[in-house]
Every structure is written in C-alpha cells, then in structure tokens.
Amino acid sequence: MNNLQQKAQQLLESGNYGLIVGYEKGTSGKARPVFIRKAEHASKLIFDESCDQNIAVYLYRQEIKHDKKKVIVANHHTLKSIVELAAENQVFDGDFMVLAFAENGDIIELNTFKEIEKHVATLYHGLTEAEAAMMKKIEDMSLEDRWAFWENEFSKCIKCYACRASCPMCYCPTCTVEINQPQWISVPSHTLGNLEWHVMRAMHLAGRCVTCGQCGKACPLELPIQLLTYKVALDSKQFFDSVAGTSICADNALAIYKPEDHENFIR
Amino acid sequence: METNNTNSFEPKVVAFVCNWCTYAGADLTGTSRIKYATNVKIIRFPCTGRIDFMLLMKAFANGADGIIISGCHPNDCHYTSGNFHARRRWMIFRNLLDFIGMDVNRIVFSWVSAAEGAKWAEVVNESVDQFRQLGPATAYQKLIKNSEFQEVE
C-alpha cells in the first residue's frame with residue numbers, strides 16, 4: 001500500500017469522512033474516477049501521470065450530496081476548477097477535504113478554500129507548449145483556412161454534449177441547448193447548429209475556463225474544441241487580466257467591467 | 001438612396017440598437033430628413049447589454065450579410081453599466097469569431113447617441129458599403145443550406 005492508499009484508509013476508518021473521490025486504474029493504460037466509501041477498497045486508489053482527468057465535475061453532483069464529508073484526490077486541473085467553483089459559490093468551504101500532491105509526491109492536505117487558493121498560486125497557469133503550438137498553428141492560418149478547418153471539425157460533431165458533461169464549469173441545471181422556446185441551438189447535428197453550440201459553449205466559459213482541456217479529452221470524435229475555450233481564456237487574460245481558477249473571491253470577467261476597458265473596433 | 005450600379009449586390013443588414021440612444025438617434029436621422037441606406041432592419045433593444053451574442057448568431061443563420069450593433073456611448077447608459085458589460089462581451093466574442101474563421105468585418109460596432117442623427121446615417125451608409133464590398137455571406141449560407149437539407153431528410 002502506498003501513502004495515498006494508507007491515507008485514504010485512515011480517513012475512512014476514522015469515521016469522519018464518508019467518501020473519497022479519486023482515480024483508479026482503468027482500461028488501456030488510462031485512469032478513471034472512482035468513488036470509495038469503504039476502507040477496504042482504499043487500495044484501488046492510484047495517482048500518477050495517467051490521472052489527468054478533471055474530477056472537480058463530481059464535487060457538486062446530486063449523487064454524492066448526502067455522503068458524509070468528502071475527500072477529493074486532486075490533480076492541478078481539479079484544484080484550479082475547485083477554486084473557480086468556490087468563486088462562483090458552487091462548492092462550500094468545509095464540505096470536503098482536498099488531497100493534493102507536492103512535486104516530490106508528498107500528500108498535501110488542504111482543508112479550507114484559503115489553503116487551496118494558496119496552493120493553487122504555486123501552480124503553473126496557462127497552456128502547455130503543445131497546446132500553445134496548436135493555438136499558434138490555427139491563429140497563423142488565413143481566415144479562409146481557419147473557416148475550412150473549423151467547418152470540417154464542426155461537421156463531425158454528433159452533439160453528444162460530452163464536452164459539457166465533462167466540464168466542471170458547465171453546471172447549469174437547464175442548459176441553453178435544452179431550451180426550445182426559443183430554440184437557440186437546433187437539435188439535429190448539422191454543421192450550422194454545431195458551430196452555434198460550440199461558439200455558445202466557449203462564450204459561456206469566457207473568463208471561467210481554467211484551460212484543463214477536459215472537453216477536448218472527453219470528445220469521442222477527438223475534435224480540438226478545447227482550443228475554443230482556450231481562446232476565450234487567453235483573451236480574458238489579455239484584455240481583462242482575468243485568469244480563472246486563481247482566486248476564490250474573483251468576479252467573472254464578463255460579469256464586471258472597467259470604464260477604461262480598451263478596444264479598437266467600436267466607432 | 002443613391003446607387004451607382006443598379007445590378008450590384010444589396011446586403012441584408014440587421015441593426016441591433018439600444019432604445020435610449022441609438023434608436024432615438026435613428027429617429028432623429030428620420031426627423032432631420034437625412035437619407036441613408038434602406039438595407040438595414042432596425043431591432044430595438046432595451047440596452048446593448050441585452051444583446052446576447054446568440055441573437056447575432058441567429059441573425060447570421062437567418063441570412064444576414066452584415067450586422068450593426070449600436071448603443072449609448074460609455075458612461076451614457078440608461079442603466080448605468082449595460083454598455084460596459086456589452087463592450088467586454090463583444091471584445092471576447094469578436095475575437096472568438098475571428099478564431100473560427102468568420103469575417104468580423106461583417107459586424108460593425110458603434111456608439112451613437114440620441115443627438116447623433118447624422119452619425120447614424122454615416123454609420124449605416126459606410127457599413128452597407130463595407131458589406132457590399134465583402135459580398136454575400138456565402139460561407140455561412142452554405143451551412144444554412146446544408147442544415148435545411150438535413151432537417152427535411
């Protein structure tokens with residue numbers, strides 16, 4: 001048993017904690033989320049580089065609402081999302097404990113939002129080199145090429161909404177796509193409706209996306225849709241100096257304003 | 001209106017304007033008997049802050065070749081801050097559209113106050129000229145055509 005498994009076992013045996021949300025070994029070398037309620041199952045828990053899923057999405061689910069105090073094993077994406085969810089009052093201080101990991105693999109216990117925020121401040125915020133290269137590749141294309149690229153990608157979308165389901169920030173009980181009076185997004189998955197859906201999803205994540213890329217990882221068609229939310233996240237940083245997932249009391253970039261906001265396109 | 005070439009393409013333009021400034025400004029254009037392009041269909045909103053980006057997407061999806069969005073100058077908003085919020089939204093939205101390869105020149109943003117009847121005529125005329133030069137929104141029309149076909153099927 002490794003440190004994490006021992007820790008989990010102790011926590012569950014202490015009786016103070018009722019549920020551990022973490023990762024277990026999945027199929028084809030991938031990790032998958034696991035929900036552990038019994039101490040003897042603690043040995044299922046793993047934490048390595050395969051655990052890249054953002055599991056903050058489970059924190060506010062109805063299914064675990066009535067469990068006794070929760071523990072979540074968090075990678076850096078999950079930590080940032082927890083901070084952003086805290087800023088939006090979707091999770092509550094003291095409802096759960098976070099087990100994060102230091103560089104050397106030591107377990108760090110984070111009990112309050114203040115502690116989480118402090119830990120997150122030590123993490124790297126921004127795109128990885130590979131992600132930045134993908135963004136640059138598209139931004140360097142001509143307008144026509146960009147349109148052709150995205151038209152091709154959007155034409156493949158089957159509107160399964162896995163991107164929405166996987167995103168911790170997509171928590172609205174009724175999403176705009178489910179509203180049919182008026183029908184904002186057409187139901188069949190043709191390119192036009194798919195384009196509108198992806199534009200809408202990105203816009204609704206403006207200033208809120210923590211650039212975890214979970215939407216792209218969840219996409220069964222492997223569309224690079226995470227780039228759309230990266231775009232709005234990078235713009236929010238550039239225009240409004242707003243980086244999601246850094247502060248538990250920050251306002252959303254599009255919910256506030258400054259009279260001196262500068263643009264160059266309004267005549 | 002004056003057109004040099006009667007065969008030239010006439011863009012369909014939708015203008016989303018705020019009730020308190022630009023709509024009143026457009027009224028002034030009319031009462032001042034200033035002529036401007038007839039391509040534009042004005043839709044009145046309580047505030048620019050109310051103009052959701054999805055409404056613009058829907059205008060394009062219904063065949064608009066160009067869109068004009070106009071409201072009160074900063075600090076003049078009837079509701080104090082609607083136009084400031086709108087401005088932030090447009091800054092993000094415009095760049096996102098550019099990122100997916102839509103021509104952002106098809107959307108013109110302006111501030112037109114209730115006293116600027118002449119500016120409204122100028123904004124519309126210049127925008128319509130700009131849209132005329134860009135030609136029909138063929139890339140988007142292709143999507144519209146495909147979507148209709150699939151829905152019938």
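Predicted model: local features only at pLDDT ≥ 70, side-chain atom pairs only at ≥ 80, totals over all residues.
**Exercise 1.** Classify the packing of helix 2 of chain B against helix 3 of chain B, and identify the residues in contact.

*Solution.* Step 1: Helix 2 (residues 53-61) and helix 3 (residues 82-99) of chain B pack at about 40 degrees, and their axes are 11 Å apart. Step 2: Angles under 35 degrees would count as roughly parallel, and 65 to 115 as roughly perpendicular; the two helices of chain B are therefore oblique to each other. Step 3: From helix 2 of chain B, Phe53(B), Leu56(B) and Met57(B) meet Arg89(B), Phe93(B) and Leu97(B) of helix 3 of chain B. Step 4: By class, this contact has five nonpolar residues, one charged residue and no polar residues.

**Exercise 2.** Describe the interface of chain B and chain A by its residues, buried area and salt bridges.

*Solution.* Step 1: Chain B contributes 41 residues to the contact and chain A contributes 48 residues. Step 2: About 4300 Å² is buried between the chains, with 71% of it on carbon and sulfur atoms. Step 3: Arg88(B), Ile92(B) and Phe99(B) supply 21% of the area that chain B buries against chain A, more than any other three residues. Step 4: Six salt bridges are found across this interface. Step 5: The side chains of Arg87(B) and Glu263(A) also meet in a salt bridge, at 4.0 Å from N to O.

**Exercise 3.** Which parts of chain A does the salt bridge of Arg208(A) and Glu88(A) tie together, and are the two residues buried or exposed?

*Solution.* Step 1: The side chains of Arg208(A) and Glu88(A) meet at 2.9 Å, N to O. Step 2: Arg208(A) lies in the loop between helix 7 and helix 8 of chain A, and Glu88(A) in the loop between helix 2 (76-87) and strand 5 (96-101) of chain A, so the pair ties together parts 120 residues apart in sequence. Step 3: Arg208(A) is buried, at 12% relative accessible area. Step 4: Glu88(A) also counts as buried, at 16% relative accessibility.

**Exercise 4.** Locate the salt bridge of Glu153(A) and Lys156(A), and assign the accessibility of each partner.

*Solution.* Step 1: The side chains meet at 3.3 Å, N to O. Step 2: Both residues lie in helix 5 (residues 143-156) of chain A, three residues apart, or about one turn of the helix. Step 3: Glu153(A) counts as buried at 10% relative accessibility, whereas Lys156(A) counts as partly exposed at 36%.

**Exercise 5.** Examine the backbone at Pro182(A), Glu222(A) and Thr80(B).

*Solution.* Step 1: Most residues other than glycine have a negative phi, and most peptide bonds are trans. Step 2: Gln181(A) and Pro182(A) are joined by a cis peptide bond, with omega about 0 degrees. Step 3: Phi is positive at Glu222(A), near 55 degrees, and at Thr80(B), near 75 degrees. Step 4: Glu222(A) is exposed at 68% relative accessibility, and Thr80(B) is exposed at 56%.

Definitions and conventions:
Residues numbered from 1 in each chain as written. Chains lettered and ligands numbered in written order. Heavy atoms only, no water. Axes fitted to C-alpha atoms, helices over the stretch in contact; angles between N-to-C directions. Helix = DSSP H or I, 4+ residues; strand = E, 2+ residues; numbered from the N terminus. Parallel < 35°, antiparallel > 145°, perpendicular 65-115°, else oblique. Contact = heavy atoms within 4.5 Å. Nonpolar A, V, L, I, M, F, W, Y, C, P; charged D, E, K, R; others polar. Buried < 20%, exposed > 50% of the residue type's maximum accessible area, 1.4 Å probe, protein only. Buried area = accessible area lost by both parts, 1.4 Å probe.
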